Amino acid sequence: MSPAAVPCDERIRSYEDFARVHQFLLSAAGIPLSLHRRLYRKLADEVFDGGEKFSVEPCEGGRQRRLVLASETPLGSESDVFLVDHAWSFRLADALKQLREVPGLAERMAALMCVDLDRRTEVEESDEQDTEKTGSLEHVLQVVEKEKTRTQERGSDFAAWLELEELGIDDDMLVALNLSANFPNLVALNLWGNRLQDPEKVLQEIGKCGRLKALWLNENPILNQGVDKRVLDALPELEIYNSHFTSKAKEWALGFCGDMVGAENPCLSVESISLENVVALDISDRSIHKLPEVFSSSKLSSLSNLNIRGNPLDQDSGDDLLKLFSGFTHLQELEVDIPGPLGNSAICILESHPNLTLLNGVSASNIVEGGKHVVDSALKPRVPEWSPEESLAERVIGAMWLYLMTYRLADGEKLDETPIWYVMDELASAMRHSDGANFRIAPFLFMPEGKLTSAISYTILWPICDVHTGEECTRDFLFGIGEDKQRSARLTAWFHTPENYFIQEFRKYQEQLEATSICPSTKETPSTKSVRPSDGRALRVLTDISQVEEFLTRPEFVLTTDPQDADIIWLGAQVDSELKSSLGLTDQRYTNQFPYEACLVMKHHLADTIHKAWGSPEWLQPTYNLETHLSQLIGDYCVRKRDGMDNLWIMKPWNMARTIDTTVSGDLSAIIRLIETGPKMCQKYIEYPALFQGRKFDLR
């Protein structure tokens with residue numbers, strides 16, 4: 001933010017004063033001219049009336065909040081403007097200290113960021129009391145007997161579906177239930193959230209239920225003992241295990257996801273499953289690596305709505321999948337990760353499937369008209385995660401990157417080197433992202449005294465389209481940023497984007513670097529020779545540096561003012577081709593500057609130079625230019641996280657020194673968000689650096 005220059009004693013007394021002093025700020029913020037006068041009045045009178053128009057509601061199980069228009073009167077596009085206070089402003093190095101020392105700050109931020117939810121609530125207490133009542137063998141036997149009677153009434157050959165979720169069942173109780181004898185045709189067993197922990201007892205009992213098609217053991221202690229393979233081996237017909245498709249998934253699994261199979265219609269035989277009647281099929285988040293063979297246009301001939309989000313599908317090529325889906329002539333609505341298994345472009349997907357009307361909930365015509373290659377409206381949001389042992393301050397540090405905003409101050413031509421980060425108040429912080437946002441925000445400095453020292457920071461909020469009562473109020477977290485600036489990758493800071501895509505990009509980049517090396521593995525030591533003239537005369541030095549002129553007194557050197565006469569050129573000015581030409585300098589003269597020195601002295605050029613010359617040498621830590629290779633970095637991060645490797649990274653500006661705006665973090669959201677304060681290089685942090693007397697050091 002760079003305010004216009006004004007006399008030191010000029011106070012803002014009228015709208016005209018406000019408009020003149022804040023002209024640059026108003027333009028930079030993009031606030032519509034029609035709202036300037038209204039904004040001035042609210043700033044001058046400190047009117048915070050957002051609470052009269054909006055309300056905040058919990059969502060995502062209380063782990064997130066959303067903003068809703070509560071006013072009975074709709075808001076028209078650019079009809080009003082609202083002031084947003086900054087609940088917390090800080091420089092990054094001071095964040096944890098402030099949270100620990102400023103009274104009430106950690107508590108307020110923890111509530112705003114929804115990281116204080118583990119305090120016992122009445123609902124949780126009620127649930128625990130219910131569990132204590134139901135966690136007895138007598139109660140479970142009653143549930144089983146009731147289901148047994150219901151199954152017998154339908155006939156001896158009728159398949160059984162047994163729901164035993166969160167009943168406090170332990171290993172001995174499971175044995176006592178004798179499920180295989182009571183339900184010989186048991187096809188689905190839900191044991192989610194019980195107390196099963198003995199692999200031998202559990203495997204013995206479920207192994208007797210050889211006709212099982214679906215089994216849920218989620219949130220049982222037994223899963224911590226690596227029993228998955230043994231379960232799959234014990235049940236040859238199992239198609240769904242812990243909500244995921246197994247390699248044996250066929251008609252039954254597809255029928256379950258297409259609402260043709262369920263507790264009321266368990267379906268024991270394939271013949272009773274009519275896949276041709278499935279209109280909508282949701283197989284999202286089923287951990288599918290390869291689609292079942294029965295997933296075909298001939299079997300699913302009526303399919304018009306398909307959701308395949310959250311599946312790796314890495315055993316099917318993108319071309320094969322596109323060809324497969326093109327056979328579904330009735331398919332009109334498709335949900336798929338983009339970028340993902342069908343490629344990186346929503347437009348290319350639509351070109352392959354001209355019958356689609358909706359892609360990820362967005363109109364196909366809007367995607368084509370807007371040139372949107374990535375449609376992100378249905379991505380799952382990241383929600384804060386923490387451990388019970390963490391203090392509120394530590395939890396806030398972990399969650400804050402989902403909420404932070406940033407700006408830099410400038411006075412005249414001087415730019416503040418350290419950015420300011422801030423959290424908007426509870427109202428504006430509840431605004432979630434949308435690709436088709438209905439509001440826009442912008443940081444703004446109001447200077448009531450007409451100078452920077454009197455500035456008060458706000459965020460300005462205004463509607464950019466008509467908003468109706470009860471409608472969610474959203475903003476675009478990456479307003480003005482398209483795919484040319486890595487929009488899809490940057491959304492990973494707030495959303496769970498398809499990891500498989502980024503891992504593929506990382507692998508391709510890795511292979512590219514490994515195949516690159518224009519430097520030989522061994523080089524001969526270059527020969528050297530003295531720069532002293534053979535006739536023993538003194539070397540003539542041309543310089544524009546006063547210290548050289550004053551202190552270069554050794555007899556081996558003499559100063560000269562004639563460029564043509566000089567042996568050594570020692571200048572403070574940049575010696576470029578233009579200067580060489582004007583002074584008539586040749587490459588035979590020694591110069592104190594490297595030609596094209598930027599390839600060494602600027603971090604992004606240095607990394608690029610090394611990668612082009614050496615590929616990926618073992619002496620260079622993994623290094624990424626966040627302006628151009630963010631996708632590859634995310635892929636590297638995901639692989640390290642998956643493999644349990646260290647994931648600490650250091651981010652440095654391209655062309656700054658003295659650790660200015662330099663950060664070390666293992667938080668992927670933080671790494672991505674730090675791009676907002678300027679171009680960065682990101683390098684894997686050295687876990688075990690060489691130390692001198694316990695401290696890091698460098699040689700210069």
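The questions and answers below go through salt bridges, accessibility and helix packing in this predicted model.

Residues are numbered from 1 along each chain as its sequence is written, and side-chain values use heavy atoms, with hydrogens and water left out. Because the model is predicted, local features need pLDDT of at least 70 and side-chain atom pairs count only at pLDDT 80 or more, while totals for chains, interfaces and linings use all residues.

Me: How many salt bridges does the count come to?
Reply: A salt bridge is taken here as a side-chain nitrogen of Lys or Arg within 4 Å of a carboxyl oxygen of Asp or Glu. By this rule the count comes to 39 salt bridges.

Me: How many residues apart in sequence are the parts that R38 and D80 tie together?
Reply: R38 and D80 form a salt bridge whose closest N and O atoms are 2.5 Å apart. R38 belongs to helix α3 (residues 36-45), whereas D80 sits in the loop between β2 (64-69) and β3 (82-84); helices (H or I, at least four residues) and strands (E, at least two) are DSSP runs, numbered from the N terminus. The pair therefore ties together parts whose separation in sequence is 42 residues.

Me: Is D80 buried or exposed?
Reply: Buried means under 20% relative accessible area, exposed over 50%, and partly exposed in between, with a 1.4 Å probe and protein chains only. R38, with a relative accessible area of 41%, is partly exposed. D80 has 6% relative accessibility, so D80 counts as buried.

Me: Which helix holds E426, the salt-bridge partner of R108?
Reply: The side chains of R108 and E426 meet in a salt bridge at 2.8 Å, N to O. This pair links distant parts of the chain, 318 residues apart, with R108 in helix α6 (residues 105-112) and E426 in helix α18 (residues 426-429). R108 is partly exposed at 35%, and E426 is partly exposed at 27%. The helix that holds E426 is α18.

Me: What is the relative accessibility of D316?
Reply: D316 forms a salt bridge with K290, the closest N and O atoms being 3.1 Å apart. D316 lies in the loop between β11 (305-307) and α14 (318-326), and K290 in the loop between β10 (280-282) and β11. D316 counts as buried, its relative accessibility being 16%.

Me: Are α6 and α17 parallel, perpendicular or oblique to each other?
Reply: Two packed helices are described by the angle between their axes and the distance between the axes. For α6 and helix α17 (residues 392-399) the angle is about 45 degrees and the axes are 9 Å apart, where axes are lines fitted to C-alpha atoms, for helices over the stretch in contact, and angles run from 0 to 180 degrees between N-to-C directions. Angles under 35 degrees count as roughly parallel, over 145 as roughly antiparallel, 65 to 115 as roughly perpendicular and the rest as oblique. The two helices α6 and α17 are therefore oblique.

Me: What is the distance between the axes of α20 and α25?
Reply: Helix α20 (residues 499-514) packs against helix α25 (residues 630-642) at an angle of about 105 degrees, which makes α20 roughly perpendicular to α25. Residues in contact, meaning heavy atoms within 4.5 Å, include F502 and F506 in α20 and I634 and V639 in α25. The axes of α20 and α25 are separated by 7 Å.
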